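Visitor: Hi! Could we go through some side-chain contacts together?
Guide: Happy to, let's bring it up.

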Amino acid sequence: MIDSRPLAVFDIDGVLADVTHRLHHLRARPQRWERFFAAADTDPLLEEGADRLRAAQRDHDVVYLTGRPERNRRLTERWLARNDLPTGPLHMRDDYDYRPAREMKREVLRWLAEEREVASVLDDDPAVVRVLAADGWPVELATWLPHSSTLQDAQENKGRT
């Protein structure tokens with residue numbers, strides 16, 4: 001049975017979670033990916049994103065679409081719960097999928113749309129937003145946390161978040 005409520009799709013890093021305190025792990029040489037992801041449990045909540053998610057819940061089912069690797073599922077679910085946000089459904093990047101975020105997210109959205117109407121997508125990555133908008137998705141760029149060139153490189157060139 002197909003649910004009648006449309007989906008509101010939310011990214012996590014840069015939309016709900018403030019990642020700025022852990023970007024130094026990606027500026028290091030060599031980059032410290034495991035430390036970067038392990039520190040995600042201390043991310044401050046971005047209130048603007050949380051407010052938008054709570055408002056979306058009135059008329060939509062919320063799902064998360066993040067470039068975080070699958071191995072960080074429990075850490076991410078605990079962070080969501082600690083911040084009084086629903087813990088799922090949570091669509092994450094396979095651990096060894098290093099495609100750019102725009103490609104990975106496009107694929108998951110297409111899969112979600114086979115079963116449900118996707119009413120909105122909120123993401124902080126300008127490259128993701130450009131590709132999804134060009135495909136006709138109802139996508140909005142989250143602008144309340146300035147997008148970092150370090151994070152941009154991780155998402156688009158390293159396929160890591």
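Visitor: Are D43 and R68 buried or exposed?
Guide: D43 is buried, and R68 is too. Buried here means under 20% relative accessible area, exposed is over 50% and partly exposed lies in between, with a 1.4 Å probe and protein chains only. Keep in mind that this is a predicted model, where local features need pLDDT of at least 70, side-chain atom pairs count only at pLDDT 80 or more, and totals for chains, interfaces and linings use all residues. Residues are numbered from 1 along each chain as its sequence is written, and side-chain values use heavy atoms, leaving out hydrogens and water.

Visitor: What do the side chains of D43 and R68 form?
Guide: They meet in a salt bridge, 3.3 Å from N to O. The term stands for a side-chain nitrogen of Lys or Arg within 4 Å of a carboxyl oxygen of Asp or Glu. This pair links distant parts of the chain: D43 is in the loop between α2 (33-38) and α3 (47-56), while R68 is in strand β2 (residues 61-69), 25 residues apart. Helices (H or I, at least four residues) and strands (E, at least two) are DSSP runs, numbered from the N terminus.

Visitor: How many salt bridges are there?
Guide: The count comes to 20 salt bridges.

Visitor: OK, which residue forms a salt bridge with E48?
Guide: That's R52, with the closest N and O atoms 3.0 Å apart. Both E48 and R52 lie in helix α3, 4 residues apart, about one turn of the helix. E48 is partly exposed at a relative accessible area of 36%, and R52 is partly exposed at 28%.

Visitor: And where does E140 come in?
Guide: R52 forms a salt bridge with E140 as well, the closest N and O atoms being 2.6 Å apart. That pair links distant parts of the chain, R52 in helix α3 and E140 in strand β5 (residues 139-141), 88 residues apart. Elsewhere, salt bridges that share partners join D13, R22, D43 and R68 into one network.

Visitor: Switching to rings: how many aromatic pairs are there?
Guide: The whole structure has 3 aromatic pairs. Rings of Phe, Tyr and Trp (its six-membered ring) pair if their centres lie within 6.5 Å; planes under 30 degrees apart are stacked, over 60 edge-to-face and the rest tilted.

Visitor: Why is the pair of F36 and F37 edge-to-face?
Guide: Because their planes are at 70°, with the ring centres 5.1 Å apart. Both F36 and F37 are buried, and ring pairs link W33, F36 and F37 into a cluster.
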